Amino acid sequence: MILALTATLAIVIQDHASLRAAPRSSAAELGMLWQGDVLEVRGERGGYLKVYNYRRERGGYLRSEAARPIGLTEADAPGLLAVLRFLRDTPGSEALGVSYGAAYLRAVPTRALTAEPFDAIARMAERLADAASGSGRRLADVAAHLEVAEQFGIRMRSFERNGRMQVCYDGELFRRVLALPGASSEERAHAALGLTRPDCIDPNSSPVLRASLDDERRGLLERIAERELGAMTKSRLHVRRATVWASIAYEQARRREPPGAAAQRALAELLAVHLDELGDDRRAEYLDAVVRVGAIRWAAVTRAPPAGPLTLSAAAGDPGQTCVALAQAHGQRDAPLVRRCTYGIVWMASAQSLAQGRALALAVQPMESWRELWVFHESAGVWTIDVLSPGLDDPEEGYVEFAGYVPGTRRLLIAREVKDRGRFRRRFEELRLDDLAALRQASTPDLLPDFGRWQDADWRRDTLALH
């Protein structure tokens, strides 16, 4: 995995370092070097190092202050480790840190090798992949840093997700950390978190492969002991377990297997998180888990059919489809008021009768982290089904759910939570039941008076939108 480092070497510590044809600033520029590039030093002249870069297979002159010489003997190992520890937590210096990590692995004797350098290099590789996925840095610089890291065996995977490229570290060194018997609990936890990221699962994976990945992720996380973990790492572990168990519950529901235990586990892991221990940098991970678990929460609920003059039934349609039909409770069963089929999961426990039995709300989940609300209602004697989605753009993550009903004004109360282009939005709305037009909306239910009086008690008890 790590490139063998030999000869008299130096590591470039600056980006955009010019490799010149002669030891002067006016000489022709032969190429551009980046932090982390490894050079063989063949001499020094006039404040310039005479170097050869094997990655580019090119020699030239580089200003002395742009590089630092390194030794690869056992005596040099402590100094290299000290630099590695510093760079491990320095955003923007990942390529340089990987290079120093490779030098340390070359210098340290086998008897003294621990999991620490593998953990440090893997975490920097993961951070570099996040930068390549678009975290605000100059992508041209990040691309150059990726090339530097690749010379040391750091491999990335990439795929398209919602119109943008997602880059992920392949996790080889995280797996090596888990295989080392002397790895600390924190190092093992970091490795498990690095190998179980939901955003690093190819959305085009087949259902069979996805189920296998979820089972592997569950096993990795279950093997991490919490007893010796710091508060932040422990909460991160609960967050990740919540997302994995939510995925497992969804897959079980798709296979017509009971998903209740997995959904309950997802909720329990989410409730075990202490948000104040995560810090602002990890808040997005928590919000992601809230949305994913919120989308699957009906799998953990068992409730009797709603009372009233309407009955809702579900039956198999075409292969993979579920068809729901609304009928009068005392009418003819062969003449439903309205019927619709879907390839999504129909959560019958969510059915809620409204408007003295003249409307009904139902949760339907077409994708793992995307749950819609079907509203059955009558207008001018004709029954229709309108679908409310969490957001208007391409589905990423989100859910919309029934939150209450205002009888005198025929207003429907709903809550939406959605992740759109990496940002989370939560809204509470009042809709006109007749045409589902939005009348009022706010970021908190306290700003909508009808929510205070007419919100559904079961919704308030179980929803994650108020979490």
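Two strands are taken to pair if DSSP finds at least two bridges between them, and helices (H or I, at least four residues) and strands (E, at least two) are DSSP runs numbered from the N terminus. On this basis, three strands form an open sheet in the order E10-E11-E12, with antiparallel pairing. Strand E10 (310-316) and strand E12 (338-342) stand at the edges, each with a single partner strand, so one side of each is left without a neighbour in the sheet. From one strand to the next the twist averages 20 degrees. Strand E11 (residues 322-328) pairs with E12 in the antiparallel sense over five bridges, and the bridge partner of Leu326 in E12 is Val338.

The model is a predicted one, in which local features need pLDDT of at least 70 and side-chain atom pairs count only at pLDDT 80 or more, whereas totals for chains, interfaces and linings use all residues. Residues are numbered from 1 along each chain as its sequence is written, and side-chain values use heavy atoms, with hydrogens and water left out.

For the chain as a whole, 13 helices and 20 strands are assigned, and the C-alpha atoms fill a box of roughly 95 × 50 × 45 Å, taken along the principal axes. Of the 467 residues, 52% count as buried, where buried means under 20% relative accessible area, exposed over 50%, and partly exposed in between (1.4 Å probe, protein chains only). With contact meaning heavy atoms within 4.5 Å, residues 24 or more positions apart account for 55% of the contacts in the chain with a separation of 6 or more.

A further strand pairing involves strand E13 (residues 345-354), which is mostly covered, eight of its 10 residues being buried. Six bridges join E13 to strand E14 (residues 359-367), and the two run antiparallel; within this pairing, Trp347 has Ala363 of E14 as its bridge partner. E13 and E14 form a hairpin with four residues between them, and Ala355 in the turn has a positive phi of about 50 degrees.

Helix packing was described with axes that are lines fitted to C-alpha atoms, for helices over the stretch in contact, and with angles that run from 0 to 180 degrees between N-to-C directions. Angles under 35 degrees count as roughly parallel, over 145 as roughly antiparallel, 65 to 115 as roughly perpendicular and the rest as oblique. A crossing is left-handed if the near helix is turned anticlockwise from the far one by less than a right angle, and right-handed if clockwise. Helix H8 (residues 231-254) and helix H11 (residues 283-296) pack at an angle of about 25 degrees with their axes 9 Å apart, and H8 and H11 are therefore roughly parallel to each other. The crossing of H8 and H11 is left-handed. Arg236, Val239, Arg240, Ala242, Thr243, Ala246, Ala249 and Tyr250 contribute to the contact from H8, and Glu285, Tyr286, Asp288, Ala289, Arg292, Val293 and Ile296 from H11. By class, this contact has nine nonpolar, one polar and five charged residues, where Ala, Val, Leu, Ile, Met, Phe, Trp, Tyr, Cys and Pro count as nonpolar, Asp, Glu, Lys and Arg as charged, and the others, Gly among them, as polar.

For H3 and H5, the axes come within 8 Å and cross at roughly 150 degrees, which makes H3 roughly antiparallel to H5. H3 passes H5 in a left-handed crossing. The residues in contact are Phe118, Asp119, Ile121, Ala122, Arg123 and Glu126 of H3 together with Leu173, Phe174, Arg176 and Val177 of H5, a set with six nonpolar, no polar and four charged residues.

Helix H6 (residues 185-195) is mostly covered, with nine of its 11 residues buried; among them are Glu187, His190 and Leu193. What covers the buried residues of H6 includes helix H3 (116-132), helix H5 (172-179), helix H7 (207-222) and H8.

Two individual positions were also examined. Ser99, placed in helix H2 (residues 94-107), is buried, with a relative accessible area of 0%, and touches Ile11, Gly36, Val38 and Phe152, not counting residues up to four places away in sequence. Arg254, found in helix H8, is partly exposed, with a relative accessible area of 36%. With residues up to four places away in sequence not counted, Arg254 touches Pro207 and Ile345, while the C-alpha atoms of Arg254 and Phe86, 168 residues apart along the chain, are separated by 47 Å.
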